[in-house]
Amino acid sequence: MKYAFVSNGAVVEVVSTDPHLLFVPNYASQFITVPDNVQAGWQFSGGQWVPPTPVLPTREELAAEIDKASDALRLSIVGDPLRVEEYRIAREEATAFVAANYTGTVPSSVQSWATAKNWTPKQAADDIMHTAQLWSSALYAIRTIRLTGKEAVRNAADATAANTAYQTALGQLTALKGAM
């Protein structure tokens, strides 16, 4: 059994214990017995207990959530911003080394990867280039999903369509994460 304190038709507080065991008598006496599904925030209207109308997020809130999900996926792929800078340098050095037909002084980032993996500088440079291509492809895909998802939310005909666009973008990000 549940008990609720109701003010102006709105349920303010709900308890599962006899309110006289919990509160001072004056306050406890204002509680009424309610059905087990009634929660704080419900209304008593027309002899019926009515749950609150869900507050739908705004289009901008949905767009911001797409940004958050995209940021989280991006971070899970490439890591923190300082590591991204490290990867950028490695990519640039590997690109220059490949362009020089793997000759000349081996760039530091290529050599460190070759040493760590016990590879030749050529193997290390090729691996850095391959990995950089995968990351770039993932980042482009995330960007496309993020930007098109946000615009679909903003330009949706109504709240239902905006929510559908939001769910579609999240589904695409989830699928991309699963493919990584």
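**Exercise 1. Work out where N101 sits in this predicted model, and whether N101 is buried or exposed.**

Start with the place: N101 belongs to the loop between helix 3 (81-99) and helix 4. Next, check the backbone. N101 has a positive phi of about 60°, even though N101 is not a glycine. Last, look at the surface. The relative accessible area of N101 is 57%, and the cut-off for exposed is over 50%, so N101 counts as exposed.

**Exercise 2. Move along to helix 4 and describe S108: which residues does the helix span, and how far is S108 from E93 in space?**

Step one is the helix: helix 4 covers residues 108-117, and S108 is part of it. Step two is the surface. S108 has 55% relative accessibility, so S108 goes down as exposed. Step three is the distance. Along the sequence, S108 and E93 are 15 residues apart. In space, their C-alpha atoms are 8.0 Å apart.

**Exercise 3. Find out which strands pair with strand 1, and in which sense.**

Take strand 2 to begin with. Strand 1 and strand 2 (residues 10-15) are antiparallel, with five bridges between them. For an example, pick F5: its bridge partner in strand 2 is E13.

Now go to strand 3. Strand 1 (residues 2-7) and strand 3 (residues 31-34) also run antiparallel, joined by four bridges.

**Exercise 4. Look at the turn between strand 1 and strand 2: how many residues lie between the strands, and what is the phi of N8?**

First, count: the hairpin of strand 1 and strand 2 has two residues between the strands. N8 is in that loop. Then the angle: the phi of N8 is positive, at about 55°, and N8 is not a glycine. Finally, the surface: N8 has a relative accessible area of 81%, so N8 is exposed.

**Exercise 5. Step back to the whole protein chain: how many helices and strands are there, and in what order do they come?**

The count is six helices and five strands. Reading along the sequence, you get β-β-α-β-β-β-α-α-α-α-α.

**Exercise 6. Compare the protein chain with a compact globule of 180 residues: what is the radius of gyration in each case?**

For a compact globule of 180 residues you'd expect a radius of gyration near 16 Å. The protein chain has 29 Å instead. Then check the box: along the principal axes, the C-alpha atoms fill roughly 90 × 45 × 20 Å.

How values were computed: Residues numbered from 1 in each chain as written. Predicted model: local features only at pLDDT ≥ 70, side-chain atom pairs only at ≥ 80, totals over all residues. Heavy atoms only, no water. Rg over C-alpha atoms; globule rule 2.2 N^0.38 Å. Buried < 20%, exposed > 50% of the residue type's maximum accessible area, 1.4 Å probe, protein only. Pairing = 2+ DSSP bridges.
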